[in-house]
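Here is my note on the model. Please read it with the structure open.

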Amino acid sequence: MSAKFVINGQNRLVGEIPVQGAKNSALPILAATVLVDGCCEIRDCPDLTDVQATVNILRHLGCRVRREEHCCFVDGSGAVDNPIPERLMHEMRSSIIFLGAILGRFGKAEMFAPGGCEIGLRPIDLHLDAMRKFGAEVLEEHGKIVCECPKGLKGTQITLSFPSVGATENIMLAACRAEGTTTLFNAAREPEISDLADFLNAAGARIQGAGCGEITIEGVRRLHGCAHTVIPDRIVAAGYLAAAAMTGGCIRLTDIIPAHIGPVLPILRDAGCEVEIHARDVTLRAPKRLLAVKNIRTMPYPGFPTDMQAPIMAMTAVARGTTVIVETIFESRYKHVPELARMGANIRVEGRTAVVQGVPTLTGARVTAPDLRGGFSLVLAGLAARGITEISDIRHMERGYEDICKTLSALGADIQRVKDSERDEESRGAFA
């Protein structure tokens, strides 16, 4: 049975919470365990449906996986090159990350194009072209992808036309066990890239330059088991800061790397928030009403992250003044706008540009989460809105945010996760 979030808004968020491990680090690191002949311990692995989908693929490939709270133990010594069925690939968009790992270990890989959030095209051409550079033969037919490299992968030089995070990760994974040296130019620079490299190097890989535009990978014959702690989730952290900002709250985030949310902090300060940074924590104090931020443009790291566009849009929807947001990464990432409008937001979209005219308050409504980050923007809107907000299709948010209700309730929010049928009769009266 499907579930929904029910939020009674306008409670000020106050308190202290830790930050979960990063989904966008955990998924490629788990996929990387396919390359390892031994057991790996992945700590601070968040409890998310995307993580479970990754575990399901690992088990399908013959890896032994055991979870203990936020630790994931993966033994890849018995891994085999089983074709990954469409059902497993369609559970999440980032499942394509297994391509480089499987090809790197077995010299062949068979899978389907990935599924997941519909936030616009994420072409896998960059991934497939890179595998061809390693010497693989690639066949695409009816959504099925078959890559074979009978003579083994050969180190090469690759220049990405765009600093794609997923393509950078796939190239790193394939290059780890390729023969010779691979140099990647115009690589993605996100913190998750460095985290993946740290894990692989702990397992015996030879990677230099991760986090910069140029990465060098010297192939090795074998990777061994190791332990690694996933970095904190910068998108989740910034999202909770935005939640506190739009409720006039004061919160402290712990277990965080402040530099990773550096691109978001100027936006919060421009909106009138006081932000204090310490070694592993960040404190935010919000004004009674936020100020508009003139211009926000999403960019690859270290620019403003596309994953924060929707939550920040919700924040600016209740700010005093007009904010202009330009989405440069994905062409269909404004699907949350009609849902925010149902709550009283004043937003006009023209192509990749959204003009947000702040309103004094939002009003609770029945809305539907269109995707992971857009869904979280509706949670933020519900926290600030007058009255009750019901958000359906919350499966999207459970892909990336661990225990939203518990976390927000600890800060004073009135939010519940309920089965759809549990609120049907009551909500008819609330929205009459």
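1. Start at L383. Leaving aside neighbours within four places in sequence, L383 is in contact (heavy atoms within 4.5 Å) with I7, G9, Q10, N11, L13, A243, T247, L408 and A413. L383 lies in helix α12, residues 372–384. Helices (H or I, at least four residues) and strands (E, at least two) are DSSP runs, numbered from the N terminus. L383 counts as buried because its relative accessibility is 3%. Buried means under 20% relative accessible area, exposed over 50%, and partly exposed in between, with a 1.4 Å probe and protein chains only. L383 and R43 are 340 residues apart in sequence and 31 Å apart in space, C-alpha to C-alpha.

2. A word on the basis. This is a predicted model: local features need pLDDT of at least 70, side-chain atom pairs count only at pLDDT 80 or more, and totals for chains, interfaces and linings use all residues. Residues are numbered from 1 along each chain as its sequence is written, and side-chain values use heavy atoms, with hydrogens and water left out.

3. Next, T389. This residue is found in strand β22, residues 388–392. T389 counts as buried because its relative accessibility is 0%.

4. Now the cores. A nonpolar core is a set of buried Ala, Val, Leu, Ile, Met, Phe, Trp, Tyr and Cys residues joined through side-chain atoms within 4.5 Å. The largest has 78 residues, and F98, M111 and L200 touch the most other members. Helix α6 (residues 165–176) gives the most to this core, with seven residues. Leaving aside neighbours within four places in sequence, F98 is in contact with A31, V34, T54, I57, L58, L61, I84 and M111. A second, separate core has 76 residues, including F5, A238, V293 and M315.

5. Which strands form the open sheet? There are four, in the order β2-β14-β16-β15, with mixed pairing. Two strands pair if DSSP finds at least two bridges between them. The edge strands, β2 (14–18) and β15 (274–277), each pair on one side only. Neighbouring strands are turned by 15° against each other on average, direction ignored. Axes are lines fitted to C-alpha atoms, for helices over the stretch in contact, and angles run from 0 to 180 degrees between N-to-C directions.

6. Last, the sheet's details. β15 and β16 (residues 281–285) pair in the antiparallel sense over four bridges. The bridge partner of E276 in β16 is T283. Helix α8 (residues 234–246) packs on the sheet, touching β2, β14 (250–254) and β16. The direction of α8 makes about 170° with that of β14.
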